Amino acid sequence: MQHNMFLTWPEEYQLPEHPLPILVQLGLTYRCNLTCQHCYALYRRSRDEFSLAEIDDLADQLYRAGSASLVYSHGENMIRRDFHEAAAIFRDRDFYQTLMLNGFYVRTAADAARLVETGINRTMVSIDSIDPHVHDKVRGKKGAFEVAVKALRLLKDAGIPAVGFSTTIDTHNYSDIERIAEFARDLGVDAVSFMQNRYNLTGVFDRSLWPTYLQVCQNLYQLMLDYQGTLDVYTHDPFMLTVLDDRLSDRTAREAFIGSNLCNVGTGMVSIDPVGNVSGCNFIEESIGNVREEPFQQIWDRLVDRYSDRSDPPTGPCGSCSALGPCMGGCKAFHYNGKYDERCGAQRFIDPEPHELATADRPIPETAPTRSPGVFVGLPRMRVGGATQ
């Protein structure tokens, strides 16, 4: 395809020489009232959480480091009785605040209005299927779907500047993404986010599914085009960058698409869990340091050294792949130790024999990690049929 010379492309983005932790994934608690099948924090229920005084100090450190945007993640943050006081701390420092929630703590108009008062700019309620039975099964609680939809309506009516829902996609809903987007449009919300499960484990992927996932990515891209100006459909997967073409011609939308799918670990994003551990993102199972033990800036500098593709670009299988330019090395939660995305295989790219592998069934050669490791904190194994792997 002949590309329009006036359009930006992922490979044209430059890695910053002096990265700033602009986006912070912050957990105030690991606690939650649900037991989602895909939850990376399901078996972490430590109550040694930040105090409000610690949150205030951390907010100062993040502000001085250049942080400007916050996503509340890890557990169900509204389960903390002092959540609104914590949010007000960041509101008073002009942070843009996004709250990920399941809806159970927004039951009334007053609950939604209080989030407006405490400076929440964006809310993303979790909805994994428009079939209530499927959603409730994935989330581990009967009635969860009805609660989530009611919360969406309350948040929209309260005047939260941006209201949407987030969908974790996997085999249970690959075939439903078009209907999920239609549901979001009909509800009148502003956005719907689709994120592929991040298992962050080796040897758990059925490679025969990835041709299906390629089609899912192409369908998601088409939905973005179809809903431009009506509904913000967005994703979080570097593989999406390989399906970008000239049809997404609006410059602002195009740059937003690229920015939301690039892996920003070590370039503009950091994750801090409820007990102070700092990592590249929620799905990376190592800690680079703890803000209760040393200043955040010190840890951030070390994290940048750990993950920087400027000083240590992807090698091994990535070096021979024609998709390296668009995906820029892929998702570090999948590949940071061996520096390749375990999902990569012959079926994912147009190369007849990428990585010199004849079929998708042959394993990708292992590469020895060259980066100094952090401290392994151990994410739980994925639940399969009620058990763990």
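Which residue of strand 7 does Ser193 stand opposite? Ser193 faces Tyr234 in strand 7.

## Before we start

This is a predicted model, in which local features need pLDDT of at least 70 and side-chain atom pairs count only at pLDDT 80 or more, while totals for chains, interfaces and linings use all residues. Residues are numbered from 1 along each chain as its sequence is written, and side-chain values use heavy atoms, with hydrogens and water left out.

Helices (H or I, at least four residues) and strands (E, at least two) are DSSP runs, numbered from the N terminus.

10 strands form an open sheet with mixed pairing, in the order 7-6-5-4-3-2-1-8-9-11. Strand 7 and strand 11 (289–290) are the edge strands, each pairing on one side only. Two strands count as paired if DSSP finds at least two bridges between them.

Strand 6 (residues 191–196) is largely enclosed by the rest of the structure, because five of its six residues are buried. Here, buried means under 20% relative accessible area, exposed means over 50%, and partly exposed lies in between (1.4 Å probe, protein chains only).

Strand 6 pairs in the parallel sense with strand 5 (residues 162–169) over six bridges. Across this pairing, Phe165 stands opposite Val192, and Thr168 stands opposite Met195. Strand 6 also pairs with strand 7 (residues 232–235), again in the parallel sense, over four bridges.

## Helix 6 on the sheet

Helix 6 packs on the sheet and touches strand 5 and strand 6. Its direction makes about 165° with that of strand 5; axes are lines fitted to C-alpha atoms, for helices over the stretch in contact, and angles run from 0 to 180 degrees between N-to-C directions.

## Helix 7

Helix 7 lies across strand 5, strand 6 and strand 7, running at about 150° to strand 7. Its buried residues include Trp210, Tyr213, Val216 and Leu220. The buried residues of helix 7 pack against strand 5, helix 6, strand 6, strand 7 and helix 8 (251–261).

## The nonpolar cores

A nonpolar core is a set of buried Ala, Val, Leu, Ile, Met, Phe, Trp, Tyr and Cys residues joined through side-chain atoms within 4.5 Å. The largest one has 87 residues, and those with the most contacts inside it are Leu26, Tyr72, Phe165 and Ile272. Helix 7 gives the most to this core, with nine residues. A second, separate core of five residues includes Leu34, Cys36, Phe104 and Ala144.

Phe165 is worth a look in the viewer. Leaving aside neighbours within four places in sequence, Phe165 is in contact (heavy atoms within 4.5 Å) with residues including Met124, Leu152, Phe183 and Val192.

## Leu23 and Ser69

Leu23 belongs to strand 1 (residues 23–26), and Ser69 to strand 2 (residues 69–72). With a relative accessible area of 25%, Leu23 is partly exposed, whereas Ser69 counts as buried at 17%.

Apart from neighbours within four places in sequence, Leu23 is in contact with Ser69, Leu70, Val71, Gly268, Met269 and Val270. Not counting residues up to four places away in sequence, Ser69 touches Ile22, Leu23, Val24, Phe95 and Tyr96. The C-alpha atoms of Leu23 and Gly66 are separated by 9.3 Å, and these residues are 43 residues apart along the chain.
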